[in-house]
Amino acid sequence: MTTNATVLERPAAVPPKSGGAAPSMKALVYLGNGKKSYEDRPKPTLTAPTDAIVKIVKTTICGTDLHILKGDMPTVKAGRILGHEGVGIIDEVGAGVTAFKRGERVLISCVTSCGACVYCRKLMFSHCAKGGWILGYEIDGTQAEFVRIPFADTSLYPILEGEDEEPLVMCSDILPTGFECGVLNGQVAPGSTVAIVGSGPIGLAALLTAQFYSPAEIIMIDLDDKRLEIAKGFGATSVINSTDGKAQEKVMKMTGNVGADTVIEAVGIPATFELCEQLVAPGGHIANIGVHGKPVALHLEQLWDRNITITTRLVDTVSTPMLLKTVRSRKIDPKRLITHHFALGAIIDAYDTFANAAKTGALKVIIEA
């Protein structure tokens, strides 16, 4: 269980414009390894003409947030507001913002892009020289009542009037991550065999979007029978519970002792990546999605002659416009990933539910501000 931690030194509040206390808000704050607190923080203010302040309507928790809390990302400083996903309403815009105005509803991209640097010109928004993945990492994030979004014109997407916002929250991160890091990097092709190791939210997002390319087989592998049943409903052709350690044997039997053309790692621990190495077919692809906090063995003594490709990637969100269209046309329904709802004031309970998914059955949680 988590506890509210001791008081840390906080950044000085922005001086009020006309006397009285500076505006404040509630937020989920990372306080160091394993510690978090729901507390008052200063409401963000514009710091550049290209900024927007967004009032959060709905946000969620990502597996990456759990990695931060576990200490897998020591570069995240204590005092940081977590979160990099959500939808909201424009509260204020800088003088340089031309695409949005106060009162408009927007989708927040998990990746901030300036649109002009050498990486943005290569469509590698995740490595933007002035942005990238900074929300909830290098700057305060979305698990709060308000958030500052740098480069608003190229880091926000408009929401249509009357549109259901909950599936759109899945377009902030999980859907483009599963698609870009797993499906595109794994070069899923018509008639191919795909094995996805990890039937959690990100693995299921990869499962949903892999079906764009009509693979012949999609094999989901996990330790949890409940999640594997969900995977069947999402389109998996076969499921394997790997508790007995025989996942490789079973996949080889299914594939005529060849292996899978695309193997997607969607957990982020050494054991699952090494399993992917065992499952890949000659000429195949291992596409890593998981966030790894520990070294992983690369068994080149087994792989050096197999013509395989191993890819890593931080989501660039270049697919977000396309994914928004597929969601709006109901070609896919990422709302099926949502299992729990919480008010922002209950975000500590939301974290406990999400972190104990084996007991709670949680996939994605929606937090309403």
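This is a predicted model: local features need pLDDT of at least 70, side-chain atom pairs count only at pLDDT 80 or more; totals for chains, interfaces and linings use all residues.
1. On the basis of the model: local features are given only where pLDDT is at least 70 and side-chain atom pairs only at pLDDT 80 or more, while totals for chains, interfaces and linings use all residues. Residues are numbered from 1 along each chain as its sequence is written, and side-chain values use heavy atoms, with hydrogens and water left out.

2. Helix α5 (residues 174-184) packs against α6 at an angle of about 70°, and their axes are 8 Å apart; helices here are DSSP runs of H or I with at least four residues, strands are runs of E with at least two, and both are numbered from the N terminus. Axes are lines fitted to C-alpha atoms, for helices over the stretch in contact, and angles run from 0 to 180 degrees between N-to-C directions. The two helices, α5 and α6, are therefore roughly perpendicular, on a scale where angles under 35 degrees are roughly parallel, over 145 roughly antiparallel, 65 to 115 roughly perpendicular and the rest oblique.

3. The residues that make this contact (heavy atoms within 4.5 Å) are I174, L175, T177, G178, F179 and V183 on the α5 side, with P201, I202, A205, A206, T209 and A210 on the α6 side. Sorted by class, the residues of the contact of α5 with α6 are nine nonpolar, three polar and no charged, where Ala, Val, Leu, Ile, Met, Phe, Trp, Tyr, Cys and Pro count as nonpolar, Asp, Glu, Lys and Arg as charged, and the others, Gly among them, as polar.

4. Helix α6 is largely enclosed by the rest of the structure, because nine of its 10 residues are buried; buried means under 20% relative accessible area, exposed over 50% and partly exposed in between, with a 1.4 Å probe and protein chains only. The buried residues of α6 are P201, G203, L204, A205, A206, L207, L208, T209 and A210.

5. S199 sits in the loop between β9 (193-197) and α6 (201-210) and counts as buried, at 0% relative accessibility. The side chain of S199 reaches the backbone oxygen of R227 at 3.2 Å. Leaving aside neighbours within four places in sequence, S199 is in contact with L204, M220, I221, D222, R227, L228 and A231.

6. T193, in strand β9, is buried with a relative accessible area of 14%. Apart from neighbours within four places in sequence, T193 is in contact with E217, I219, T255, A260, D261 and T262. S238, which belongs to strand β11 (residues 238-241), touches E217, I218, I219, M220 and M254, not counting residues up to four places away in sequence.

7. Q187, in the loop between α5 and β9, is a residue other than glycine with a positive phi near 50°, and Q187 is exposed, with a relative accessible area of 52%. S214, in the loop between α6 and β10 (217-222), has a positive phi of about 50° although it is not a glycine.

Conventions
A polar contact is a pair of N or O atoms within 3.5 Å; within protein, one must be able to donate a hydrogen and the other to accept it, and residues adjacent in sequence count only if both atoms are side-chain atoms.
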